[in-house]
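Morning, everyone. Have the sequence and the model open, please. I'll keep this quick.

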Amino acid sequence: MAIKEVTRMGNPVLRKEAEDLTKEEILSEDTRDLLQDMLDTMKAESGIGIAAPQIGVSKKVALISVPSDSERYPEAEESPMLFIFNPKITVLDDEVQGFWEGCLSVPGLRGFVERPRKVQIDFLDMNAQEQSIVVEGFLATVFQHELDHLFGKLYVDRITDMSKLTYNEEYSKFVLQQVNTEE
Ligand code: NI
């Protein structure tokens, strides 16, 4: 289909709760086109996930696909490509873990965010079938970050220590440097 322009922080579509889809809508031709646009756009931007509001569509669908060789997130474990509709998130472990996150809608920046380390996600898949998965570690963060987009949230809202919001270049220069020297 097409590579779409990614909506950026400040666009109201990123700040409102997206709409649930009916099973008929999930199976519709329009939704097939939307999924292809999301996939094309995510690949073009080298992302590991994308949500419909990020291409300007206020519907509750997100795509997560962590390749084994992500340039943006080399520490990430691989995940199968998954389209998630109408998700409900349940925290299974209150203990938090922190990762440096970036977002296609907040270009040029990285921020350190702490989130629950283990969550369950109940959702409908692209065949409108009910599914439930449990994710932990970095993948738990990826899922929570993407699904936040469907509820009008951005990762910057969840940064508790604003000294840990950086530009990519400074992240490479000062944060990665620090991590390396601590090893
Ligand atoms: Ni994002």
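D20 is partly exposed, at 42% relative accessibility. By that I mean the range between buried, under 20% relative accessible area, and exposed, over 50%, with a 1.4 Å probe and protein chains only. This is a predicted model: local features need pLDDT of at least 70, side-chain atom pairs count only at pLDDT 80 or more, and totals for chains, interfaces and linings use all residues. Numbering runs from 1 along each chain as its sequence is written, and side-chain values use heavy atoms, leaving out hydrogens and water.

What does D20 pair with? It forms a salt bridge with K60, closest N and O atoms 3.9 Å apart. The cut-off: a Lys or Arg side-chain nitrogen within 4 Å of an Asp or Glu carboxyl oxygen. K60 sits in the loop between strand 1 and strand 2, D20 in the segment before helix 1, 40 residues apart. Helices (H or I, at least four residues) and strands (E, at least two) are DSSP runs, numbered from the N terminus.

K60 also bridges to E17, at 2.6 Å. That pair ties together parts 43 residues apart in sequence. K60 is buried, at 4%. E17 is partly exposed, at 49%.

Next pair. D148 bridges to R115, at 3.1 Å. D148 is in helix 3, R115 in strand 4. Both are buried. Shared partners join E101, R115, D148 and R158 into one network.

Last, the nickel ion. Its protein donors are C103 (SG), H145 (NE2) and H149 (NE2), 2.1 to 2.3 Å away. Donors are N, O and S atoms within 2.8 Å of the metal (3.2 Å for Na, K and Ca); water is not among the atoms, so sites may look incomplete. H145 and H149 are both buried.
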